[in-house]
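Dear colleague,

Please find the structure below, followed by an account of what was found in it.

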Amino acid sequence: MLRPVELEVRHLRALCAIADTGSVHKAARQLGMTQPSLTTQLRRIEQAIGGQLFSRERTGSRPTPLGRSVLSRARPLVAEMNALVSEAKEAAGRAGGRRLRIGSTGSRAVSGWLRRLHARLPETDTTIHMDVSANTLLQMVAANQLDAVFVHEVEGSPLRFPEGLELRVLVEREPQFVALPSAHPATVKEELDLSDLAADRWMVDPAVDGDWPGLRRVFTAAGLEPRVVYGDYLAASDLVAGGEVVTPCQPTSRPRPGMTIRPLRGDPLAVRLVMVSRAFRAGPGSPDVPGLDADALFADLQSAYAEVAWASETYRNWLRRHGVPRPEGPPPKGTAPTPPALHIPLLRPLSAPVPA
């Protein structure tokens, strides 16, 4: 039997996360926990309160009347604690040195971005926060918990951009490729049709904002109803290599043994890559890093993305077929080349319908 717990702020954060995401699975990902751990924690919280806080339904978790009552009191407490921590960290940053806090939903360009920022700002404490939810990262910028984030917006599933933030578009329409087993018969083709994979199981991570609605929209437009399994993209590589599933992937993804990456004909799956930041301040008394602004952050991100884009053989071939010129930057210094920005032309407007 589970022993009840005394409620702490972390428990209130967990309840708010479940309510905001609509699912224990998504909330666990957001909180950096496993789903079983969060489920156990929720049961203990409910036991301590003495009633059920969420009803478990096929579509997710919804607050019960008791849950809504608890959440109405919990949210102000969590917001106040977040503000306290944020203000304390900002004060500590002013006293102990400059800080830069960036975030991302995940990309091979992130490591290069960090490398460039460290080189640009050697005396600055630069930290990275990763989250599969772009909307969560945007809210963290709005709450002054992060300074800038690099996120993707799935075509047809717009993100919720808080007011007062600055948005810079890195790639207006980045094609999404497919990772499939190397033994799959379709690998003989350099470019795949969705119909080539209609009989396969497709893995999608429902915790990633927009991914499943975007994939479902593309299937519907193509008149397909393939089998779909839900899982974590971190585990997808093993399942793909083992011949169990196929899965959408970024064009900069690096294949592993047993896996092949191919583009889709017509590029029906696409995302918009953006950097969103708060407004940087300048002048005496500003906590911001001297000489750093959002344009400098974005320039380093552009350079990092171009580096990984042209390093990927499959993406490099796609870029050449679509007439994207390879950028010519300064000679590489050591092992850290710094090519200029990659400019991918807009192949189809973001709002245009996807062809069948």
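In which loop does Asp267 lie? Asp267 lies in the loop between β11 (259-262) and β12 (270-277); helices (H or I, at least four residues) and strands (E, at least two) are DSSP runs, numbered from the N terminus.

Before going further, please note that this is a predicted model, in which local features need pLDDT of at least 70 and side-chain atom pairs count only at pLDDT 80 or more, while totals for chains, interfaces and linings use all residues. Residues are numbered from 1 along each chain as its sequence is written, and side-chain values use heavy atoms, with hydrogens and water left out.

To return to Asp267, its phi is near 50°, a positive value in a residue other than glycine. Most residues other than glycine have a negative phi. Asp267 counts as buried because its relative accessibility is 6%; buried means under 20% relative accessible area, exposed over 50%, and partly exposed in between (1.4 Å probe, protein chains only). Asn144 also has a positive phi, near 60°. Asn144 is found in the loop between α6 (134-142) and β5 (148-154), and with a relative accessible area of 24% it is partly exposed.

The chain as a whole

The protein chain has 10 helices and 12 strands. Of its 356 residues, 47% are buried. Its accessible surface comes to about 17700 Å², and 53% of this belongs to carbon and sulfur atoms; the areas come from the Shrake-Rupley method with a 1.4 Å probe, and for residues only the protein chains shown count as cover. Among contacts (heavy atoms within 4.5 Å) between residues at least 6 apart in sequence, 72% join residues at least 24 apart.

Strands and cores

Strands β8 (residues 201-204) and β9 (residues 227-230) run parallel and are joined by four bridges; two strands pair if DSSP finds at least two bridges between them. Val204 has Tyr230 in β9 as its bridge partner. Together with helix α7 (residues 211-221), β8 and β9 make a right-handed β-α-β unit. Right-handed here means that, with the strands pointing away from the viewer, the path from the first strand over the helix to the second runs clockwise.

The largest nonpolar core has 41 residues, and those with the most contacts inside it include Leu100, Trp113 and Phe150. Helix α9 (residues 294-311) gives the largest share of this core, 10 residues. Another core, of 18 residues, lies apart from it, and Ala14 and Leu71 are among its members. A nonpolar core is a set of buried Ala, Val, Leu, Ile, Met, Phe, Trp, Tyr and Cys residues joined through side-chain atoms within 4.5 Å.

Two polar residues

Gln176 is placed in the loop between β6 (166-175) and β7 (177-181), and at 12% relative accessibility it counts as buried. Its side chain makes a polar contact of 2.8 Å with the side chain of Glu174. A polar contact is a pair of N or O atoms within 3.5 Å; within protein, one must be able to donate a hydrogen and the other to accept it, and residues adjacent in sequence count only if both atoms are side-chain atoms. Not counting residues up to four places away in sequence, Gln176 touches several residues, including Cys249, Pro251 and Leu264.

Arg10 is found in helix α1 (residues 9-21) and is partly exposed, with a relative accessible area of 47%. The side chain of Arg10 makes polar contacts with those of Glu8, at 2.8 Å, and His11, at 3.5 Å.
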